[in-house]
Amino acid sequence: MNAPLRFYIILLFFLPLCTIAQSPSSDSIPKFLRFNELDSLDLPPVFFERREELDASRNDKGLVCSEMASLYYSVGNYQQAIPHYKCYATHLYKTGEYFYTGSMFNNIGLCFQKLNDKDSALFYFNEALKMVARNKTFKDEGARKKYYHFVDVIKANQAEYLIEEGLLDDALPFYISELKSARAFSRGRVLLSPLLNLSKIYYLKKEPEKSLAYQDSAFLILNQVVDAEKHKSFLLLRSKCLLAMDEFEEANLAFLAYHNYTDSLILVERQRNYIEAA
């Protein structure tokens, strides 16, 4: 599963969602969230300089932590992303924004998942579920639907470990629920993660036809939105499914499309780095 996406859309997509509850005291902050704030904010000076250029009147260290966490996650530096997610979670928790604190816990869980630390990942996924449950006051029906979808997202993250154990039929209902709750309020980008998850699980269940059906739905969305990582994942998975069906020519075309798409992304990244260094 391509988490990141899951990982950074969560905060942007669900703001604003739940009402802010009464702020807790500093002493009530969970022990696993406590850390040396000065150490966690040891960020590159150039980042603060850039922030000052963008908005000289703003001094929001919590938001800086969030942005840095997303940056570290996007480049695969999960060890550095974790303390910055914790930093932002602490700021959110202090103001009683439990839903968004839970979203940061989910992101921390995804980091540990990437680091192959199962126990820590499951711990933070469980804490995310408990935290978001503390604030269930919704401003409207749309907010309620988004809340329950986020709960499904967290449970789908947990289900990754069922797949690792070969318990595909046990994992499947979590992904179906994730897609169903996503369709309750969206027809766009947010559907890509559950569609990818279901495509993967049906491929693993040796049902490539069903996997391809979900992929077809995803490509309709990808014709309208840009999500490079998921686009790559769908193309590669498509080639595998077609190969499993002995559709060798179509499988080769799908793999060639994956290869060309990947090469184009590398070229764009090199050009961007060249421009920034100039």
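This is a predicted model: local features need pLDDT of at least 70, side-chain atom pairs count only at pLDDT 80 or more; totals for chains, interfaces and linings use all residues.
Asp227 is buried, as its relative accessible area is 14%.

What does Asp227 pair with? One partner is Arg189, in a salt bridge whose closest N and O atoms are 3.9 Å apart. Arg189 sits in the loop between α9 (168-183) and α10 (192-204), while Asp227 sits in the loop between α11 (208-222) and α12, so the bridge ties together parts 38 residues apart in sequence. Arg189 itself is partly exposed, with a relative accessible area of 33%. Asp227 also forms a salt bridge with Lys230, and here again the closest N and O atoms are 3.9 Å apart. Lys230 counts as buried, at 4% relative accessibility.

The side chains of Arg238 and Asp216 meet in a salt bridge, with 3.1 Å from N to O. This pair links distant parts of the chain: Arg238 belongs to helix α12 and Asp216 to helix α11, and they are 22 residues apart.

How many salt bridges turn up in a search of the whole structure? The count is ten.

| Salt bridge | N to O distance |
|---|---|
| Arg189 and Asp227 | 3.9 Å |
| Arg238 and Asp216 | 3.1 Å |
| Asp227 and Lys230 | 3.9 Å |

On to the cysteines. A search of the whole structure finds one disulfide. Which residues does the disulfide join? Cys65 and Cys87 are the pair, with 2.2 Å from S to S. The link of Cys65 and Cys87 is right-handed, with 70° about the S-S bond. It connects distant parts of the chain, since Cys65 is in helix α4 (residues 61-74) and Cys87 is in helix α5 (residues 78-94), 22 residues apart.

Are these two cysteines buried or exposed? Cys65 is buried, with a relative accessible area of 0%, and Cys87 is buried as well, at 1%. Two other cysteines are tucked away too: Cys111 is buried with a relative accessible area of 0%, and Cys241 is buried, also with 0%.

Last stop, the surface. Which residues form a negative surface patch? They are Asp246, Glu247, Glu249 and Glu250. One of them, Asp246, is found in the loop between α12 (228-244) and α13 (248-277). Asp246 counts as exposed because its relative accessibility is 51%, and the cut-off for exposed is over 50%.

Conventions
Residues are numbered from 1 along each chain as its sequence is written. Side-chain values use heavy atoms; hydrogens and water are left out. Patches are made of residues with over 30% relative accessible area and no salt bridge: like charges are joined within 9 Å, nonpolar side chains (Val, Leu, Ile, Met, Phe, Trp, Tyr) within 5 Å. Accessible areas come from the Shrake-Rupley method with a 1.4 Å probe; for residues, only the protein chains shown count as cover. A salt bridge is a side-chain nitrogen of Lys or Arg within 4 Å of a carboxyl oxygen of Asp or Glu. Lys and Arg count as positive and Asp and Glu as negative; His and the chain ends are not counted. The place of a charge is taken as NZ of Lys, CZ of Arg, CG of Asp or CD of Glu. Helices (H or I, at least four residues) and strands (E, at least two) are DSSP runs, numbered from the N terminus. Buried means under 20% relative accessible area, exposed over 50%, partly exposed in between (1.4 Å probe, protein chains only). A disulfide is a pair of cysteine sulfur atoms within 2.5 Å.
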